[in-house]
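Here are my notes on the model, in numbered points. The chain contact comes first, then the overall form, then one residue.

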Amino acid sequence: MTTAKKPTRASKSSTKKSATSKKTVTKKKPSISASSKSNPRTWKQRCWSWCWRLSILFILVLGTWLVYLDAQVRSQFDGNKWTLPAKVYARPLSLYPGLLLSAEQLKSELLWNDYKAVSHVVTPGTYGRYGQDWIIYRRAFSFADRNEAAVKVRLSFSAGRIAELSVAGKTEGLVRIEPQYIGGIFPAHHEDRELITLQDVPPALVAALIAVEDRAYFEHYGLSIRGILRAMKANVAAGRTVQGGSTLTQQLVKNFFLTNERSLRRKVKEAFMALLLELHYSKEEIIQAYLNEVYLGQAGRRSIHGIALASRFYFAKNVQQLDLSEIALLVGMVKGPSYYNPFRKPDRARARRDVVLNVMAELNIISAAERINAQGQPIQVAKSGRAGQREYPAFIQLVKRQLQTDYRLQDLQNTGLRIFTTLDPWLQHATEKSVQQHVENLEKRAGFAKPTLEAAAVVTSVDGAEVRAIVGSRRVRYFGFNRALDAQRSIGSLAKPAVYLTALASGRYDWSSIVDDKAVSVAGQDGSLWQPKNYDKKDHGKVFMVDAMAKSYNQATARLGMKVGIGQVVETLERLGVEKFIPPYPSILLGSLSMSPLEVTQMFQTYASGGFAMKPRVIQALTTHDNQVLTSYAVEGRQAYSPELIENLRYGLQQVVVQGTGKRLAKTFNTTKIAAKTGTSDEQRDAWFAGFDDRHLGVIWVGRDDNKPMPFTGASGALPIWQNIFKQSGLEPLTPLVDLDWAWVNAYGQPVEEDCGGIRKMPFNSGSLSGREISCDQQKAFSGPQIDSIEKEKQGGSSWFDWLF
Amino acid sequence: MVRLVVLVLFISILTACSSVPSGLKHDPKNQQSYEVQNKDSHKFIQQDDILRLDEGKHHPAVQVLLTQAEDARQQGLPLQALSYIDRARQIQPRNSAIFYRQAWLNYQLGELQQAQQLLQRARLFLRSSNDSYEILQRRIKTLQKKVDAKRGY
């Protein structure tokens, strides 16, 4: 070595010298040539010289590259290693004395939350039912406002309500079941994971992983020459790749820093990075990272990473609760999560599990008896499509949209935020089921090919506008176009209550006012004529205003709207919460106005809440991944209309159920205390239904994406979906917000004293009756309508008898 | 035997004391709250303002949440206190006393417009059948005056 270097050094020094002389004295050129002639270099010397130079260059480049790799390894491995998607949760189920709750709902919500029914309740995540009494071992959970430990809750039911509630023998006023996970806000790669520390992983799992994937893990420094040679030998013998020589560290490097590219360059990089990783981090840190990084399957668009999430996904359990069979299966799946997928290939998964159990027994991680016992167990996995692992696309999209007004999308996708929402899983399931079933029925009835019809639905709470359920398509798992939020469809008669509200608010009309349902013709500025017709193509003559509303008469509503003023109706729509531009054309009176189901919900919310205009709300609270509250939301709104006026309008909406287009609801629910309105757009391109009881408001839309007509109206197309949802959730009849004055009215719509020829009893704003009621004597003397004011629409026919017949 | 009887009696008395009034427990429309601990003593209560969010006697679940709200308020976490009261509102969506407390807290936070709107809700759901009707009505009026004064009306 030494002798070889000497001539190189000499030549290098002579080169240096000659270069210097070349720089300083150019005229000395002849002496240089003389020198080279006198000291001729052999080809060997030249070769050595170049080798040396290239080696130096190579070392320099390698060194620089290693420094770069080192920086890359450390910067990515220190601190937050993963981009954590935001986790979205439904509302927690609050249990308290007096709560109306069916056993079916409680059972379903527990199952959706991965609780298991057992005979003896001893571990968190289990429950038992003993007649009217239940014991639920609630898991520990970090709620938005506080961390709560696991508790054993006892509750007893009486007449469908919770009668007693206790925790550890002590009476409690309120207990929450942890909320169901309903989806995430993922970055483009859709990686999902739950982080776990090594201490929380069962030692058997770690031991099994090392035994199967890298037995020499604690002996090597990132690379295992023995492992590589062994793999080579096995591969050569088999004539194909049957074994990998990568250590766990290399696997982590490949998954964490590199791609799946199969090239020498990637392999070399992987090897160096593995060495660097081992240089800087302990074996424990590396295995912990591996356990969190490892890919273990796919759930729709979501890729399952890490042992913790995989454990929840495949077995509906925490890692700590896994038994030996499950541990072996998870470890076995590392080799090929898709190939050994226990949902699709249970036999293959079982065989792989047994191989892992054999290795574990061979290395004395488990005893022979434990191996035999574990191998005797069938492959038991939780359903992959179960509620607790399913996503709710339409709702998640709304969550994302509402949050993006306050937060950057990047932060929502990467920082592991926890989002607590208003979704009610029970209502959501009812809504999904109802939409899916009914749309199929409609298609069958119409003889449409499947899928022709689409649907959307929104359900909110009447008092707080919390969105409890939302469906954006008949394909409820579909992450594409969300019709509940984005479909702009003509709302048809759903606009009519705004016309009647404008009339009532003007003080010139009561429900008993007579309106004329006869042909109407309005000339537009361009000379075109707007001539709306009734659905049944008939004129109904003079009718009570309330009947025109209940039966959804187009001509009467158009006439009324023109009288109260289009501008006033537009103003009403805006006050009700419609935020878009509304063109002041006559046709808007009959709903020639495109809105999404969510926008319609916002409008109807004001009727449902007694005049309190609120935006539908989906977020309750937002916390960081370590549970620092970033924002919590409470009810917000403005009193757009007086409760009295809205109560009066609600009478009209109830008449839709009593005698109008929503009549079948009265029969189904055995009550008329439901406020509702049907809507059908021109040529039956859209079928709508909006209605509310004392607790919830539901808005349903059914139509075709190609906007072609269909043989359904709001009553036949959308109402049945609403009906099914409320059947399952339970309907609570409306209670009055305020007391209105009631009076009998005669055929001309005039209030009369009791037993004086009144034909209907109707509400009036309190105080508005004073001095208007006609006495019995006046009524007898009364022979016809008095047109006492142009404003009053109480213009009857020749007599009430004529009016009736 | 006598001891056993005495013990049973004693436990029965304790149980009776600890249970909530049946009117609160099974109030179907969830609207009842007592503004004072003892409903018979409200004639002697002069305060036109609450001092604590958890004052009075409420449905057990609402009581738990109002207590948590008061704790949060005392810890200087008024927004968290508001979220507790909002949870109480979701349990009893038409309880005037809860809306009054939401308005009261909004007033403390300087959210006058919101306080004003919530007071309207409190008034809407205040029923004369409520045992604390008078006192709650007086409190709502007092807070309304304060809100108006601050808003410059």
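1. Start with the contact between the chains. In this side-by-side view, 24 residues of chain A are in contact with 26 residues of chain B. On the chain A side, strand S27 (629-632) and strand S28 (638-639) each supply at least two of the touching residues. The side of chain A that touches chain B divides by class into 10 nonpolar, 10 polar and four charged residues. Keep in mind that this is a predicted model.

2. Next, the form of chain A. Its radius of gyration is 38 Å, whereas a compact globule of 805 residues would have one near 28 Å. The C-alpha trace spans about 145 × 85 × 50 Å along its principal axes.

3. Now the make-up of chain A. The chain holds 27 helices and 34 strands. Of its 805 residues, 46% count as buried. Take the contacts between residues at least 6 apart in sequence: 68% of them join residues at least 24 apart.

4. One residue deserves a look: Ala374(A). Helix H13 (residues 368-375) of chain A contains Ala374(A). Is Ala374(A) buried or exposed? Ala374(A) counts as buried because it has 22 C-beta neighbours inside 10 Å, and the cut-off is 20 or more.

5. Which residues does Ala374(A) touch, leaving aside neighbours within four places in sequence? Its contacts are Leu324(A), Ser325(A), Ala328(A) and Leu357(A).

6. Last, a distance. Ala374(A) and Val520(A) are 146 residues apart along the chain. Their C-alpha atoms are separated by 81 Å.

Key. Residues are numbered from 1 along each chain as its sequence is written. Chains are lettered from A and ligands numbered from 1 in the order in which they are written. This is a predicted model: local features need pLDDT of at least 70, side-chain atom pairs count only at pLDDT 80 or more; totals for chains, interfaces and linings use all residues. Helices (H or I, at least four residues) and strands (E, at least two) are DSSP runs, numbered from the N terminus. A residue is buried if 20 or more other C-beta atoms lie within 10 Å of its own, exposed if 12 or fewer, and partly exposed in between; C-beta atoms are placed from the backbone. Two residues are in contact if their C-beta atoms, placed from the backbone, lie within 7 Å. The radius of gyration is taken over C-alpha atoms; the globule rule is 2.2 Å times the number of residues to the power 0.38. Ala, Val, Leu, Ile, Met, Phe, Trp, Tyr, Cys and Pro count as nonpolar, Asp, Glu, Lys and Arg as charged, and the others, Gly among them, as polar.
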